[in-house]
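Subject: Structure handover and notes

Dear colleague,

I am passing the structure below on to you, together with some notes on what was found in it. Please read the notes with the coordinates open beside them.

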Amino acid sequence: MGLIEKIEAAQLKTAVPDLGPGDTVEVSVRVIEGDKERQQKFRGDVINVRGAGIRKTFTVRKISEGIGVERTFPIHSPTIAEIKVLKHSKVRRAKLFYLRKKSGKSARLTEKSEQRPSAAETRTTKAEKPEPVATS
């Protein structure tokens, strides 16, 4: 492992959620104003995830007062305090740039439904049902 890889490995965050396009996230960003520090939340849909390792970034888009606002965050940045994944949506693209042209109801993403059990799992659960107990 070279010197650059060692420095990058020391900077990586360990508690990073698994992000994907279509996820609704809330990112808490550390903002320094003068001598005070506070956390500002940015909530929106992930439209882009790119890079790997320390250079991995994701772009979040939200609508603020009728205007689309996008912000790109480095995942391992020290200015990011926390990333919460609020919802996973069903998408068929890796980059959701088409949402820039949409507004209102057409810009909504449908939430992923629960994973259905496979056919093999349903067969085993039916076979393992306990027998009814006779009461006297």
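Predicted model: local features only at pLDDT ≥ 70, side-chain atom pairs only at ≥ 80, totals over all residues.

Residues are numbered from 1 along each chain as its sequence is written, and side-chain values use heavy atoms, with hydrogens and water left out.

The protein has two helices and five strands, arranged along the sequence as α-β-β-β-β-β-α; helices (H or I, at least four residues) and strands (E, at least two) are DSSP runs numbered from the N terminus. Buried residues account for 24% of the 136 residues, where buried means under 20% relative accessible area, exposed over 50% and partly exposed in between (1.4 Å probe, protein chains only). Of the contacts between residues at least 6 apart in sequence, 50% join residues at least 24 apart, a contact being heavy atoms within 4.5 Å.

Turning to the strands, β1 and β2 run antiparallel and are joined by ten bridges, and β2 pairs with β3, also in the antiparallel sense, over five bridges; two strands pair if DSSP finds at least two bridges between them. The hairpin of β1 and β2 has two residues between the strands, and Gly34 takes a positive phi near 70° there, whereas the hairpin of β2 and β3 has six residues between the strands, with Gly51 at a positive phi near 85°.

Glu26 lies in strand β1 and has Arg43 as its bridge partner in β2. Glu26 counts as buried because its relative accessibility is 15%, and, leaving aside neighbours within four places in sequence, Glu26 is in contact with Lys41, Phe42, Arg43, Glu82, Ile83, Lys84 and Leu86.

The largest nonpolar core has 13 residues, of which Leu19, Val25, Val27, Phe58, Val60, Phe73 and Ile83 touch the most other members; such a core is a set of buried Ala, Val, Leu, Ile, Met, Phe, Trp, Tyr and Cys residues joined through side-chain atoms within 4.5 Å. The elements that give two or more residues to this core are β1 (24–33), β2, β3 and β5 (80–87). Not counting residues up to four places away in sequence, the residues that Val27 touches include Phe58, Val60, Phe73 and Ile83.

The largest pocket is lined by 16 residues, with Asp45, Ile63, Gly104, Ala107 and Arg108 nearest its centre. On a 1 Å grid over the protein atoms alone, a pocket is an open set of points where a 1.4 Å probe fits, with protein on both sides within 12 Å along at least five of seven lines, and lining residues have an atom within 4 Å of a point. By class, the lining has five nonpolar, five polar and six charged residues, and β3 gives the most to it, with three residues. Asp45, one of the residues nearest the pocket centre, stands opposite Arg61 in β3.

Finally, Phe97 is placed in the loop between β5 and α2 (119–127). Phe97 counts as partly exposed because its relative accessibility is 34%, and, apart from neighbours within four places in sequence, Phe97 is in contact with Ile47 and Asn48.

With best regards

Definitions and conventions. Nonpolar A, V, L, I, M, F, W, Y, C, P; charged D, E, K, R; others polar.
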